[in-house]
Amino acid sequence: MISEAIAFQKKFSLAEGNQFEQYQILMPKLNERDLLVKTVAISITQIDTILREKIKGPNRTYVLGFGGVGVITRKGSEDIPFSIGDRILYVNKVGKYGSYSDFQVIDSRSAVKLPEDFSSEDGAAFSYCFLLAYHALFDKFNLISEKNKNQGKMLIVNSSGGVGSIAIQLAKWAGLEVIAAINESNSKIWIEKMGAKIVINQQNNLSSELRKVEVDHVDYALHINTDNNKIKQTFDYMGDKGDLVAVTVTKDKKNPKPDAQLKVINAEEYFDESAKEVEKISENQKHLQFLLDLWAQEEIQSIITAQVSEFTPKVIFGAHKLIETNPNFRHIVVSNK
């Protein structure tokens with residue numbers, strides 16, 4: 001089967017103009033655990049824009065997108081516990097078969113059925129950003145994934161994107177007081193709506209900003225795609241107390257090096273590995289179901305900052321451009337209508 005996809009052949013910056021093009025992608029044969037889905041909605045975040053500009057390797061047809069929402073059109077086996085026509089939320093590794101495509105072959109073990117009252121657009125917005133935030137808080141920080149079962153203060157730096165917006169909500173739900181660091185051009189109102197108790201300016205020295213708002217200590221610090229200088233400022237403030245997790249996007253020599261106090265999550269590597277190992281595939285499904293439970297209980301809220309229709313190179317490029325140039329549009333949902 002052939003699918004129309006929005007892809008590019010080599011990494012590019014906005015200054016080079018729109019390099020996205022319409023391609024025809026040959027879908028792989030379904031194995032017994034696979035599903036073929038018609039893409040309904042995808043999320044575009046800072047992670048996508050960074051990958052587009054920094055992706056490494058030989059030139060090839062590259063389709064971005066770690067997941068989204070789709071409708072099942074074909075099953076690899078009748079034993080799969082989904083039905084044709086089910087609307088599902090899923091994640092996958094990025095690459096030749098990313099979600100910037102009309103159709104996708106996905107592993108049924110990393111998908112969950114969306115309830116009727118959960119919009120496709122909200123589901124797509126959460127998808128992989130939720131998994132990264134969950135992994136940081138409950139796997140790397142070892143917080144208890146129950147409401148109000150944790151104590152302490154968490155600093156989240158570069159918190160205006162999809163991962164940050166969800167991390168703020170999850171940390172508050174888990175019982176932590178959240179201090180969010182943003183650029184002064186980001187919307188403070190949006191970050192406070194997500195659940196941050198205190199908002200500081202990350203363009204200034206973090207230690208100075210924290211002292212200014214009379215925060216005497218932080219127990220946890222989550223850095224989302226920040227430079228090593230900001231991580232050093234946090235270490236200077238925390239001393240040898242507390243834990244720090246850094247989320248990076250691509251494999252880069254400039255990325256912070258993990259040690260006893262610093263844990264690093266590389267998004268590209270994380271999703272590549274989670275698509276290979278059975279245990280991690282099942283964890284993805286479990287965590288996506290947890291997302292649906294939190295939504296049903298009204299414990300989390302939508303993180304959509306913009307929504308557009310049409311799967312075209314022009315629309316996809318426009319979404320990337322908006323994310324890179326407007327600090328208040330960090331996660332955009334594109335509907336495939």
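Leaving aside neighbours within four places in sequence, which residues is Leu-137 in contact with? In this predicted model, where contact means heavy atoms within 4.5 Å, the partners of Leu-137 are Asn-142, Leu-143, Met-154, Ala-167, Leu-170, Ala-171 and Leu-222. Local features need pLDDT of at least 70 and side-chain atom pairs count only at pLDDT 80 or more, while totals for chains, interfaces and linings use all residues. Residues are numbered from 1 along each chain as its sequence is written, and side-chain values use heavy atoms, with hydrogens and water left out.

Leu-137 also belongs to the largest nonpolar core, which has 94 residues; such a core is a set of buried Ala, Val, Leu, Ile, Met, Phe, Trp, Tyr and Cys residues joined through side-chain atoms within 4.5 Å. Leu-137 is listed with Tyr-100, Phe-126, Phe-130, Met-154 and Leu-222 as having the most contacts inside this core. Helix H2 (residues 120-140) gives the most to the core, with 13 residues. A second, separate core of 18 residues includes Val-218, Ala-221, Phe-235 and Met-238.

Turning to the strands, S15 spans residues 331-335 (strands are DSSP runs of E, at least two residues, and helices runs of H or I, at least four, numbered from the N terminus). Five of its five residues are buried, meaning under 20% relative accessible area with a 1.4 Å probe, protein chains only. His-331, Val-333 and Ser-335 point one way, and Ile-332 and Val-334 the other. Strand S3 (residues 34-45) runs antiparallel to S15 and is joined to S15 by five bridges, with Thr-45 partnered by His-331. Strand S14 (residues 306-309) runs parallel to S15, through four bridges, and Val-308 has Val-334 as its bridge partner.

Technical notes. Buried < 20%, exposed > 50% of the residue type's maximum accessible area, 1.4 Å probe, protein only. Pairing = 2+ DSSP bridges.
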